[in-house]
Amino acid sequence: MNKRLRWGCKWALSAMIVLTAFAATVEAKTFRWANDGDPTTMDPHARGDVFVSSFDFNMYEGLVRRDRDLKLEAALATEWANVNPTTWRFKLRHGVTFHDGSPLTGEDVLFSFQRAIAPGSDLAAQMSAVKEVKKIDDDTVDFITDGPAPILPNYLANVAIMSKAWCEAHNTQRAATLKDEESYATRNANGTGPFMLKDRQPMVRTVLVKNPNWWHLKDQPIDIDEVVFSRVENPATRVAALLSGDLDMIYNVPPQDIEHVEKNPAVKVWQIPELRTMFLGMDQSRDELLESNVKGKNPFKDKRVRRAFYQAIDEDAIVSKVMRGFAHKTALMVGPGVNGYDATLEKRFPYDPATAKKLLAEAGYPDGFEVGFDCPNDRYVNDEAICQAVVAMLAKIGVKTNLLAQTKAKYFTKINAPGYQTSFYMLGWTPTPLDALHMLSNLTQTRSADFRVGPWNEGGYSNPDLDELIGKIAVELDSEKRNELISQALTIVRDDFAYVPLHQQIVVWATRANVELAPLGTNDFQLRYVKLK
Amino acid sequence: MLAFIIQRLFQSVLVMLTVALIAFALFNYVGDPINNMVGQDTTQADRERLRQDLGLNAPFVVQFARFVGHAVQGNFGLSYQQARPVGQIILEKMPATLELSFMAAFLALLLGVPMGIYTGLHRSSWGSQALLAISLVGVSLPTFLIGILLILIFAVLLGWLPSFGRGAVVHIGWWTTGFLTAEGWRAIILPAITLALFQMTLIMRLVRAEMIEVLRTDYIKFARARGLSNRAVNFGHALKNTLVPVITITGLQLGSIIAFAVITETVFQWPGMGLMFIQAVSFADIPVMAAYLVLVGFFFVIINLKSPPPARCLRVPCRGRGGHGSPTAICGGAFAARR
């Protein structure tokens, strides 16, 4: 080793020692975590994507928010109520400031609402019930709706309040449409939330720091000073980084690694029942199926055929074999945690291939038939494997399914509006406002020609009685009465075999053993609940 | 020479246009990006408007012409995924890929050439057999497996090196470098080895084969007959002749190192262009994919454009040696026989 090299090494070594000493004295609590996705924009209105908005809501807040049990609680509004059936009145919290120090006012709320429904925002559809927003005085804002809107506050939890002055100063009064230049809000943030944006390297690293002026800090102290988020897509690398201590938390853990991660004493595994329901759907609207050997008629129009499909599926086997136990089987199209879920209805029709075969024979298909089957292969946990299991199970009652499992970008293009080019498919659904109405109106209400009603009812299921009931649920303000109506609607959907519900998947997060957090079934990760021991 | 360069440049433009055309034809198969860009509640009308805004409804030819027209002006549009200019994204990612690729190429040369010489000179020694056997691993194991194995050993079990990322970087103008921080050096070790392994094996085997062949020539026999030392013959005469194809191949391989960095970058979450491309594919982010493919095409073109000169320079000293008594004709003959 020559002299200069030796000198260089010494120098580097002493620099490292000084640096470590420095790091030790500051003793800032840094929480490092990773996910396979990136919060692609810091603009809370630009993307309706669950991960992006979940991330951005550590910096931004809405008028209301979800607590660790997913109940609505006061955030920037302290109270809210219907002053008449079509008006929701929100009282704003005093003494809230944005990260840049400016105070929150009613003007900001009005501005944010306008921004959230303007082109470029992805939240407009969630706000479609609102006709007008009015400022009554400095602390009071009224939301006036077309008709009674019982779950408007649920939706408002997704609308972040931004600073009008800040957006105007940086010329970002609208979320970026892709026709424009890059918007300032894409890589900068100025919210009221518990964390502030410190550094943003898109797709690589995002650093947040604790907001020392957060309004709720007294009641809910924040344990961590700094948060470093890295995007790590390769699941094996993500797991390795957690095990080696480079990361404090990862989500999601791939199913095949759970067992092996669990055995490590330095690591803790969190099992979280997700609110998403997985199900199979069937084309019940066309007079002849697009992909089938049955010509001149549509077998799925016959309830007995739909029932046969239902009873041919051995959901217990799917849960234990395909999902390795990480799922709850379900009889309903909404799971526990969604408002309107009724445990008394949770009775699956039994797995019974013999009955299924008999039902098919009664319907005129004693030898079964052939049908195409659409499935994504990169959207849900084990999606393709579930579909393969379904293919095998249906083969036992003589139905030959031609599985087409493809990437979500292609899958959704095929099965979604306007074409609905599918005969039989698998899909998952999480109601955005965590209310059963959202599932009912999206998946079971009769499709309208302009795709506003029942847009995700890919199979075109239609039942006038149910439509009427959904209409009532949409405007019923009495929550007890409303839940009663929802139970009736869920019963109709179940007994009509409109869909074949499969399960709610359990997602798995993993942390170092010293981490405490609030696992939520919405895949929403709120950093304010994180504690490092 | 000028005519040669102009001809090459013309070919280059053709190559890149072809790459862009093929890339565009392929984009019809990646699916519709709209679904990745909006939430489940976005109405059909809004989806349609977005599709219209992005020009996705236009026929293939129009989309392609629009892309080429903008690309000529250096404008690759906005990324669907990040809503930021593609050119800016690529400039951000390029330093990471180039540093990794050059590091890997450097490692491959640094280790591959001596190993090749050694195995060429001591063909049947125990050491050569061992190196050759180990190098088989380098060619036969897939890159992602080697990467994961290295992570398992050096990050998880030993805890010496970071498992992912590029560590701390220093900004020098628009360039970012990891070579100025200890963390950056620690981070580049595993991915550089992973990426270098295949090239190292290739170079080693190439040098070995060339050495063996050159050592057989009359030229070397004459050199020995003149009573030159082993060292002078092996390194002064034999190695120098060996290096011509090695330099050419290494130069050409640099293109594939950059292109194949995709897998290494994915395994180590190395924030370079390869990872960017994979992310773009899974999102159906057409502007990013198109720009990347054209850029890689451009790299290959540049490398092929530049490759011959250094190789030519190397031949000169060989001929120059003629003055010292080694017969030039034989030297040239050796080339003729091998090329």
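Predicted model: local features only at pLDDT ≥ 70, side-chain atom pairs only at ≥ 80, totals over all residues.
Strand β7, residues 140-145 of chain A, runs antiparallel to β6(A), and six bridges join the two. To pick out one position in that pairing, Lys134(A) has Asp142(A) of β7(A) as its bridge partner.

These two strands belong to an open sheet of four strands in chain A, whose order is β4-β5-β7-β6 and whose pairing is antiparallel. Which strands stand at the edges? They are β4 (77-84) and β6 (130-137) of chain A, and because each has a single partner strand, one side of each is left without a neighbour in the sheet. On average, and with direction ignored, neighbouring strands of this sheet are turned by 20° against each other. Helix α3 of chain A, residues 106-117, packs on the sheet, where it touches β5 (87-92), β6 and β7 of chain A, and the direction of α3 makes about 170° with that of β6(A).

Staying in chain A, let me move to a second pair of strands. Here β8(A) pairs with β9, residues 205-210 of chain A, in the antiparallel sense and over six bridges, and Arg200(A) has Thr206(A) of β9(A) as its bridge partner. The hairpin that β8(A) and β9(A) make has three residues between the strands, and in this hairpin Met203(A) takes a positive phi near 70°. Another positive phi, of about 55°, belongs to Asn171(A), although that residue is not a glycine; Asn171(A) is found in the loop between α5 (164-169) and β8 (195-201) of chain A.

There are also cis peptide bonds to point out. The bond from Tyr251(A) to Asn252(A) is cis, with omega near 0°, and Asn252(A) has its place in the loop between β11 (249-251) and α7 (255-262) of chain A. The bond from Ala417(A) to Pro418(A) is likewise cis, with omega near 0°, and Pro418(A) lies in the loop between α12 (408-415) and β16 (424-429) of chain A.

How many disulfides does the structure hold over all chains? There is one, and it joins Cys375(A) to Cys387(A), with an S to S distance of 2.1 Å. The torsion about the S-S bond of Cys375(A) and Cys387(A) is about 85°, and the disulfide is therefore right-handed. The pair links distant parts of the chain, twelve residues apart, with Cys375(A) in strand β14 (residues 370-376) and Cys387(A) in helix α11 (residues 383-395), both of chain A.

Finally, I turn to chain B. Helix α5 of chain B, residues 86-121, packs with helix α6 of chain B, residues 126-140, at an angle of about 130°, and their axes are 9 Å apart. In passing α6(B), helix α5(B) makes a left-handed crossing. Which residues make the contact? From α5(B) they are Met115(B), Tyr118(B) and Thr119(B), and from α6(B) they are Gly127(B), Ser128(B) and Leu131(B). Sorted by class, this contact of α5(B) with α6(B) has three nonpolar and three polar residues, and no charged ones.

Key
Residues numbered from 1 in each chain as written. Chains lettered and ligands numbered in written order. Heavy atoms only, no water. Pairing = 2+ DSSP bridges. Axes fitted to C-alpha atoms, helices over the stretch in contact; angles between N-to-C directions. Contact = heavy atoms within 4.5 Å. Left-handed = near helix turned anticlockwise from the far one by under 90°. Nonpolar A, V, L, I, M, F, W, Y, C, P; charged D, E, K, R; others polar. Disulfide = S-S within 2.5 Å.
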